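Morning, everyone. Please have a look at the next structure, and I'll walk you through it.

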Amino acid sequence: MKDVYVITGGTGGMGKATARLVGKEGTVLLADISEERLAETKAELADKGITDVHCLTVDITSPEQVEALVQKTASLGDFKALIHTAGLSPTMADSKRITEVNLVGTGQLLDGFLPIAAKGSTAVCISSMSGHMVPKEGPYTELLKKPLLPDVVEKLERFTQGDSGAAYSLSKLGVILLVEDQAWDWGQKGARIVSLSPGTINTPMGRQEASKQPQMELMLKRTPLGREGEPAEMASVIEFLVSNKASYITGTDILVDGGTVANMPNHS
């Protein structure tokens with residue numbers, strides 16, 4: 001049986017860069033909301049010599065579609081990794097939809113894939129340095145750990161007040177908290193779960209945010225390494241995290257932001 005690497009948001013800059021690496025190790029299953037972009041990405045990967053690639057159109061907020069993704073994964077081989085890069089940034093949707101996709105969608109995926117996790121399986125959930133810019137302990141903390149509650153989106157609106165940026169930061173903190181909270185459950189299967197928090201990354205989504213949010217340029221100026229990160233730099237960390245070289249890393253967040261968060265107190 002081949003190892004299967006599932007990549008949500010598989011047509012995005014980070015998803016494609018990751019597929020180019022893990023596709024050398026086993027079967028890739030790309031999940032995305034756009035069938036057209038999936039077909040284009042599969043062709044791009046084939047040009048790079050990555051040919052064992054399958055695609056599935058998935059809305060991660062749909063339990064039925066997530067279950068179909070899980071079943072497809074199981075049919076292809078041994079579940080090796082869930083690499084969850086799908087998400088919405090502040091300029092892409094309103095606050096409720098951002099919470100629904102970034103937080104509830106992550107909860108759906110982790111809930112769906114845990115039953116097929118086994119020794120050697122790993123989930124890597126993409127958070128953001130924005131998740132580090134919200135107090136970890138607050139009246140929303142326990143709520144963020146329970147994204148499958150039926151009214152969680154409405155309850156979190158009390159804290160976001162309809163602000164898409166606030167919803168983004170809270171939802172990404174939620175990803176970090178979910179990983180910490182679920183490390184025990186995944187560990188009982190011999191599996192690992194980690195989050196990765198990118199900083200400002202040179203992807204289409206990153207460029208869209210930078211063009212519409214002046215504070216992005218300010219954060220970049222305060223980044224010790226003085227530049228954006230590249231999708232390939234995120235992918236190389238993901239490749240490490242899903243490999244056996246990272247076999248004792250679980251329940252934690254890896255901040256890959258060029259030092260932006262570390263430098264924030266110097267400008268507060």
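**The sheet and what packs on it**

Start with the sheet: seven strands, open, in the order β3-β2-β1-β4-β5-β6-β7, with parallel pairing. Keep in mind that this is a predicted model. At the edges sit β3 (53-57) and β7 (252-256), and each of them pairs on one side only. From one strand to the next, the twist averages 20°.

Now zoom in on one pair. Strands β4 (residues 78-84) and β5 (residues 122-126) run parallel, joined by four bridges. Within that pair, A81 stands opposite T122 of β5.

Next, the helices. α7 packs on the sheet and touches β4, β5, β6 (192-198) and β7. Its direction makes about 165° with that of β6. Helix α10 (residues 231-241) also packs on the sheet, touching β4, β5, β6 and β7. For α10, the angle with the direction of β6 is about 170°.

Which residues touch the most other members of the largest nonpolar core? They are L69, L82, L110, F113, L144 and W186, in a core of 43 residues. Helix α7 (residues 164-187) gives this core its largest share, 10 residues. There is a second, separate core of 23 residues, and it includes A19, V28, I50 and V124.

Take F113. Beyond its neighbours within four places in sequence, F113 contacts V6, L69, V70, T73, F79, L82 and W186.

Then helix α1 (residues 13-22). Eight of its 10 residues are buried; among them are M14, K16 and L21.

C125 is buried, at 1% relative accessible area. C55 is partly exposed, because its relative accessibility is 26%. The disulfide count is zero.

How values were computed. Residues are numbered from 1 along each chain as its sequence is written. This is a predicted model: local features need pLDDT of at least 70, side-chain atom pairs count only at pLDDT 80 or more; totals for chains, interfaces and linings use all residues. Side-chain values use heavy atoms; hydrogens and water are left out. Buried means under 20% relative accessible area, exposed over 50%, partly exposed in between (1.4 Å probe, protein chains only). Helices (H or I, at least four residues) and strands (E, at least two) are DSSP runs, numbered from the N terminus. A disulfide is a pair of cysteine sulfur atoms within 2.5 Å. A nonpolar core is a set of buried Ala, Val, Leu, Ile, Met, Phe, Trp, Tyr and Cys residues joined through side-chain atoms within 4.5 Å. Contact means heavy atoms within 4.5 Å. Two strands pair if DSSP finds at least two bridges between them. Axes are lines fitted to C-alpha atoms, for helices over the stretch in contact, and angles run from 0 to 180 degrees between N-to-C directions.
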